[in-house]
Amino acid sequence: MIKRYFQLKDELEGSIFLFGARQTGKSTLLEEQFGDAIFFDLLDSETKRRLKSHPELLYNMLVDKEEGSIVVIDEIPEIPELLNEVHRLIQKRHHRFVLCGSSARKLKRKGYNTLGGRALPCYFYPFVSAELPNLDLDKALLYGMLPTHYLSARPQKLLSGYIDVYLKEEIKEEAIVRNLDGFQHFLEAAAMTNSEIVNYTNIASDCGVSAKTVKEYFNILEDTLIGYMIPAYVKTQKRKVVQAPKFYYFDVGVYNYLMHRTSLPTGSAEYGHCFEHFVIQELKAYIGYTHNDKKLSYWHTYNGKEIDAIIGEAEIGIEIKSSEEVQPRHLTNFKAYSEEFPGSRCIVVSRDKFNRHIGNVESIYIFDFLKMLWRGELF
């Protein structure tokens, strides 16, 4: 049994919305950490049928329970009408709710009760390196960190099923888009620009739709937690910088599947892209789990100087290189960056096992970097 880093019970001062993409392990986490709670699984057909027909049943079942009881409702977006009853129970009985779902879109698009700030939003991620004592980096880079995929002997088949289920249950059944084939084509086009600066017009041209439609499609990926945007860091004085965001799929394995990759040769450009994606994925999860107030962004000037990850107010700049030997030519972007932010800590993370300073840049081996990250030693 792999112990997950996120201890949700530690967050439970009040109520919580727990969101996470499908198969990240939310239900398992809830069962392990809230085994004594009152539990409603809305994927159970009978439970769903009765509560959907009569949402007030929830209130009637819980109003006499001990004040402050912990109640878990798995897949709350299946019956968002229940949130009115949850609201009443929080106000009158001070019950604490853990409300779980794989998408916030169902709650957003119809303006359902979101409890007026009475529930803290939390996010759950695929496996992170801190949860795996013997991380197989190459496997993680190719097949990703979703628990069932990383632990499987046949992850490629599971990835195929994952995309099919996503398209069917999140997109088709909810009638989010009219043209499912067109949206599937967009998923692949988005993969082509994964970790790149988003250009809506170019993607629209590739997909044969309008830029407005492409923006809406990206919003769908964010709302259903299949991807996220990393904003540009724009607080500069000396240089003009790009202001458009970068897009990343939430898991590097999903990205690779959409790119039709079945192998990832070490030293290839594709390997480098996945290495960068993996590190960003780890940074995103760490900040999410620790509720760290540091924002994650990137920096890119109009003359092509780029730093892959910026932490906070340019307190740390991180370049991500898959090379086994860091050389001065890998660090040229730091010259412009250091001129712009002279007090920033500069780090290059790579597969180079020899940690050292190269000028003002710290070169840190990937496995050492990950340990430092999850121990809270970087920021």
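At roughly what angle do the axes of helix 9 and helix 10 cross? The model is predicted, so to speak, throughout: local features need pLDDT of at least 70, side-chain atom pairs count only at pLDDT 80 or more, and totals for chains, interfaces and linings use all residues. Residues are numbered from 1 along each chain as its sequence is written, and side-chain values use heavy atoms, with hydrogens and water left out.

The axes of helix 9 (residues 180-192) and helix 10 (residues 200-207) cross at roughly 135° and come within 10 Å. Helix 9 is therefore oblique to helix 10 (under 35 degrees is roughly parallel, over 145 roughly antiparallel, 65 to 115 roughly perpendicular, the rest oblique). Axes are lines fitted to C-alpha atoms, for helices over the stretch in contact, with angles from 0 to 180 degrees between N-to-C directions. Contact (heavy atoms within 4.5 Å) involves these residues:

| Helix | Contact residues |
|---|---|
| Helix 9 | His185, Phe186, Ala189 |
| Helix 10 | Ile203, Asp206, Cys207 |

An open sheet has five strands in the order 2-3-4-1-5, with parallel pairing. Strand 2 (38-41) and strand 5 (119-124) each have a single partner strand, so one side of each lacks a neighbour in the sheet. Pairing requires at least two DSSP bridges; helices are DSSP runs (H or I) of at least four residues and strands (E) of at least two, numbered from the N terminus. Strand 1 (residues 15-20) pairs with strand 5 over six bridges, and Leu120 in strand 5 is the bridge partner of Ile16.
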